[in-house]
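Here's a quick briefing to read alongside the model. Have the sequence and the 3D view open as you go.

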Number of protein chains: 4
Amino acid sequence: MSGSWGKNYRITIYGESHGPGVGIVIDGLPGGIEFPYEFINKELYRRKPGKNKYTTGRQEEDDFKVLSGIFEGYTTGTPINLFIENQDKRSRDYSEIKSKMRPGHADYSGYEKYFGYNDYRGGGHFSGRLTAAIVMAGAFARNILKNMGMEIISHIAQIGDVKDERFSKEKTNEETIKRLTDYKNQFPIIDEKLKDKMMSEILKAKEDDDSVGGVVETLVLNVKPGVGSPFFNSVESSISSMLFSIPAVKGVEFGEGFRFASMRGSQSNDEMSVMDNKIITLTNNNGGVTGGITNGMPIIFRTVIKPTPSIGKEQQTADISNMKNTILNITGRHDPCIIPRALPVIDNATAIAILDLVLERKKEDEGFKSFKRRD
Amino acid sequence: MSGSWGKNYRITIYGESHGPGVGIVIDGLPGGIEFPYEFINKELYRRKPGKNKYTTGRQEEDDFKVLSGIFEGYTTGTPINLFIENQDKRSRDYSEIKSKMRPGHADYSGYEKYFGYNDYRGGGHFSGRLTAAIVMAGAFARNILKNMGMEIISHIAQIGDVKDERFSKEKTNEETIKRLTDYKNQFPIIDEKLKDKMMSEILKAKEDDDSVGGVVETLVLNVKPGVGSPFFNSVESSISSMLFSIPAVKGVEFGEGFRFASMRGSQSNDEMSVMDNKIITLTNNNGGVTGGITNGMPIIFRTVIKPTPSIGKEQQTADISNMKNTILNITGRHDPCIIPRALPVIDNATAIAILDLVLERKKEDEGFKSFKRRD
Amino acid sequence: MSGSWGKNYRITIYGESHGPGVGIVIDGLPGGIEFPYEFINKELYRRKPGKNKYTTGRQEEDDFKVLSGIFEGYTTGTPINLFIENQDKRSRDYSEIKSKMRPGHADYSGYEKYFGYNDYRGGGHFSGRLTAAIVMAGAFARNILKNMGMEIISHIAQIGDVKDERFSKEKTNEETIKRLTDYKNQFPIIDEKLKDKMMSEILKAKEDDDSVGGVVETLVLNVKPGVGSPFFNSVESSISSMLFSIPAVKGVEFGEGFRFASMRGSQSNDEMSVMDNKIITLTNNNGGVTGGITNGMPIIFRTVIKPTPSIGKEQQTADISNMKNTILNITGRHDPCIIPRALPVIDNATAIAILDLVLERKKEDEGFKSFKRRD
Amino acid sequence: MSGSWGKNYRITIYGESHGPGVGIVIDGLPGGIEFPYEFINKELYRRKPGKNKYTTGRQEEDDFKVLSGIFEGYTTGTPINLFIENQDKRSRDYSEIKSKMRPGHADYSGYEKYFGYNDYRGGGHFSGRLTAAIVMAGAFARNILKNMGMEIISHIAQIGDVKDERFSKEKTNEETIKRLTDYKNQFPIIDEKLKDKMMSEILKAKEDDDSVGGVVETLVLNVKPGVGSPFFNSVESSISSMLFSIPAVKGVEFGEGFRFASMRGSQSNDEMSVMDNKIITLTNNNGGVTGGITNGMPIIFRTVIKPTPSIGKEQQTADISNMKNTILNITGRHDPCIIPRALPVIDNATAIAILDLVLERKKEDEGFKSFKRRD
């Protein structure tokens, strides 16, 4: 069973790259939440390919339809189905990839999983196109979080060997946030001077008929302390289980992440202090989460994305139709670097996880307001 | 809601460090599976503190009781409750940590989460002691996987700045596996010559009243291709959501993980080949998983564990009883490095996730054997 | 949260009576199951209104579309979305029912549930039209069960005061089953001589601008012993939780049901016997289920359906726009008796529940075939 | 998989009649709810056997232990494990029932389900003793509901052929409620004059070495309108799925239930009216639920319980050890009528279902208080 995620903001994804379309059913919202058409469209725009020469030339029309659950601009409280019809359903000749397993792709693992019945055209259910469905549900979640005062910001932390600065108290001012979250910003980085260097990494890969990987860093602001659970719904568990459903994601680390390995406790512990009658930490090595639960500091994590497996270079592979070795040449236009388009998928997917956790918290808190607690 | 995990091998954890005990309820197994008392005890032994000078001096008696679900040595098919009574329930004076929030611990986030009602003694439900419950359910799962031919092997990949070799085809021979999985081996590393160096990292931290972090690398052998799902139950989602429930885990990466960021697609793609009429990959950069689904190659991932937050050094923190800054001195004996004891928690927790995924797969496959599929 | 049901055959319903359409997402099936277009259309036909003078004159075109999950006539193994577009989306003047709460309907409870944001046109998400979505998922499930050898048969057990015979060993011969399950049979009853009497109950109600209730009795054949669970997934729990989601269902009883109240144990116990080396019961008062688990005998249950709340008669009610009492006159054509159209909803809904239970069983059984069990 | 139920107030049951004990894990409550030791003990007392000559002579000591989740008298917010140790664990000679399948019991269906590995002693996991676990979790839920102003009241509606009056506006006054809910009242009926007649039904069955069935009617007061969902978490679905997990329950009907079959819509529809600026219905044929959602009127339902299958009379059955017919004589003391002891199981189980639904509602409502809704 695949397809569904979440306890409080529950999504069910469906669709294939070359079938009728892709979509997502959202369940768990009460009646009366305004539906943010425009915001969702803007987030879809961020993910859209073909906007510039750094991404694939394929044109995707992402105009979505609401199939259920919205009435006169508000949620009805019943399941919401958001659907994007596939415009270009011509099935080109996919006989090549039907039997030649593309390295790095899900062709072979999917073949085994589905006993050879998966829709192989354009990757089928594994297609990156499915992430448009995640963006729709995520953008809606994000809009709700925004209305509650929470903000999710991502930047490109690394492409190839070029690394952007990390988020820090100093660098995360209002101006930076505004710039990074502008939906027209196709290359959100903290240190803008690195832009050319990063872009040239992509162009070099493109010229070589190759692709390149990268890292996205994400910051979540204004989540109150007390969100999450020790077992098994920790903030890290929830976010990572969502992120590892995004194609090409191969690693997730919170706060100092893998740097913790060579740290001492005296360095990694975030000393605490009282400020304005609130408890804060002086550093934020733990990325806003201790014991699986938010501590009120910004949540910070990094997600690594492997190089797009679709490359123009010749590759050796297996042909499943005759169980023989063969040579594969993938033609057509492909993203030499998926990071700029993966970024809005990551931050909107994050919104799904955060909203799910926040709603759980609201149930614990406001759902029991009538109970007199011990003084 | 916390406490429960899994769809097919479902666990529910409970207990506190200084309450009556800790335990776990296991649901989903049919009647007739032999209960591996001895194997579970051995895995508990691996996690046990106080076996040597590199771990805490606290003595834990981990002899567990079966409260339900086992009859005459076999599963009855109904929920299995495994319980470890807390022997030493004397509540020492915990008034200090009741109000002084320990940096790096869940004291403050837990206080907020539970509105100040959490059992703060010894960390309560956040205590590392709860991982004994995970080890019990995990060892049972692991024993079942073993009987199906699957093997889980971990080694200490890094402590402080000392790094062990990584798993590789050359190094992962039978002899190494045997040595690394011997339950008496308290320091499983591939390159044994590094042992002294790693241990000295720990002793140096101990001498400084400090602690040190590290990395555990895990290998899962003989999982068939086709296990997992693209959304949202990918192998990576499932394993990471389990691992991020283990205290102190702050990052998980699969295959080449964060190294993918600076790789090219032509390097990272695992070229494929037919061997003995089976499809294999020539490299295993993807760590056995593509598109969220196993491809038949060994599953490989690394888990980073932050330095134990309990250190002897003086730390600044907040006192929640009067909302004032204060100085904290944690006395008592503590693990300067939790890695050797975290390792069996990680590999047994992994067994829970793998068994859950494998059972899902068996349902898809063997549950539909009667269906004639297309030729 | 509403919308989703099931552990192994998982459905997610969506849609409104006067929105874009109604549909259902099905998750949990592996790749390679043939998709029964024709069978689903036949079951939709059974539910279709306007086929004769005993049902509403409204024309519904139930031709459904597959939005995902089917490729070249087989399941791909990924979520299947079946959708019926609403043809007649003209919103008539619904201002009357917007504020005048119709007695017996969900108008008021739905208003409260959704804070007044529900789509009130034609009942919105509460519309009987949603049952077409259940029929689609149910017919698919039923077709799978059929291929495994299981059969679901329903008859009209009661309309008004006219009662059909009950299912019995004598009456449940092949000929009867064939007759009752013929999709063209709009009035499946065991004793055909009662047909005129039942129909005249309906016509009398129609002439009085009134409606009448009834009972459907359902039989499930060839479910093996050992399906279900004592807590909390008993066969009765599972079937009843599904049936009570069908609008107008107000009671479910298994085997002798409410007759058990005045029985003695010596009468109600089903004595057992060995026949052809199989264990059977001599009577079947328990309706095929003991301890929540199938015992191999036919599953039998009865479902009561209240009279359609939409009647032509004048009724007193409340106007929520001004919180005043008012008089309601519902115009338009309505079913004087919903039983014949509810029957295919009930037996296809039953198929969903049975398949979910049977798949759980197959996982327990075939998923562990490799385990040597005690002799 | 059995064992767990609920989305917001989640329970996991475990234990066997003659193993170490029976218990239940409760998850989903926040920190700071007072733990009602005394109330739980009183409800356990109501279920306790051996209080008079109308129930089995077996002595059960139901003193329970808290294994986790409660600290200083309040919930910690982490899973709560409540355990009742089996005092009398002597395994009598159960060889007879090991192979001779008792009619009406789960012996055979359980044998098949668990491949012959179930603990057959005293019924094992199927034992009525497990209902003590349900009573514990239910009493806790009920206490929380009580503090929110909700009340659950049951009476014996029928034993054999003797029927008590039904709940009605007239009969459900404060005095009656007090009398019916007094935990010392072992025979709660509305019309006390029927007590002797009912008791004599039981005694007659007892004298005949037989047993007798009955009906329990339950009333839930003060649940606000808007609780429940149309699909698939309707109030009726939720309550019935819980009740059908109680051994011996074979039917559940809401409001007029099976009487609806012979009613007209003009009779069954509950006309509506405005009273004190609230919307009420003039009758309550729908038992407080329309469209699966509460309408603010009292919830009313009836549950039928079959005669205890354990009877002294000789019965024919099958011996599974040699697959031959045999004669069974059950010795020992048994309840000739389980209704008085089933009643507290039913109303406390109801509390679990209601609390789960109410918490869902509170999440929808109070969790979104910050959202400005349309005027």
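R47(A) sits in helix 1 of chain A, which covers residues 37–47; helices (H or I, at least four residues) and strands (E, at least two) are DSSP runs, numbered from the N terminus. This is a predicted model, where local features need pLDDT of at least 70, side-chain atom pairs count only at pLDDT 80 or more, and totals for chains, interfaces and linings use all residues. Residues are numbered from 1 along each chain as its sequence is written, chains are lettered from A and ligands numbered from 1 in the order in which they are written, and side-chain values use heavy atoms, with hydrogens and water left out.

**Annotated positions in chain A**

- R47(A) has a relative accessibility of 2%, so it counts as buried (buried means under 20% relative accessible area, exposed over 50%, partly exposed in between, with a 1.4 Å probe and protein chains only).
- UniProt, in an unreviewed entry, puts a "binding site" feature at R47(A) and K53(A); its positions are given in the numbering used here, feature names are shortened, and annotations may be inferred rather than shown by experiment.
- The unreviewed UniProt entry also lists "binding site" for H125(A), F126(A), S127(A), G291(A), K306(A), P307(A), T308(A), P309(A), S310(A) and R333(A).
- These positions span 209 residues of sequence and are spread in space too, with up to 45.2 Å between C-alpha atoms.

- G291(A) lies in the loop between strand 14 (289–290) and strand 15 (293–294) of chain A, and it's partly exposed at 34% relative accessible area.
- Neighbours within four places in sequence aside, G291(A) is in contact with S229(A), P230(A), A106(B) and F126(B), where contact means heavy atoms within 4.5 Å.
- K306(A) is in the loop between strand 16 (299–305) and strand 17 (315–319) of chain A, and with 6% relative accessibility it counts as buried.

**Chain A overall**

- Chain A has nine helices and 18 strands.
- Its radius of gyration is 22 Å, close to the 21 Å from the globule rule for 375 residues, so chain A is as compact as a globular protein of that length (the radius is taken over C-alpha atoms, and the rule is 2.2 Å times the number of residues to the power 0.38).
- Along the principal axes, the C-alpha atoms of chain A fill a box of roughly 75 × 50 × 35 Å.
- Of the 375 residues in chain A, 70% count as buried.

**How the copies pair up**

- Between chain D and chain C, 115 residues of chain D are in contact with 115 residues of chain C.
- About 9,100 Å² is buried between chain D and chain C, with carbon and sulfur atoms giving 59% (buried area is the accessible area, with a 1.4 Å probe, that two parts lose on being put together, summed over both).
- On the chain D side, F231(D), F232(D) and K250(D) lose the most area to chain C, together 10% of what that side buries.
- Chains D and C meet through the same surface, because 100% of the interface residues of chain D are also interface residues in chain C.
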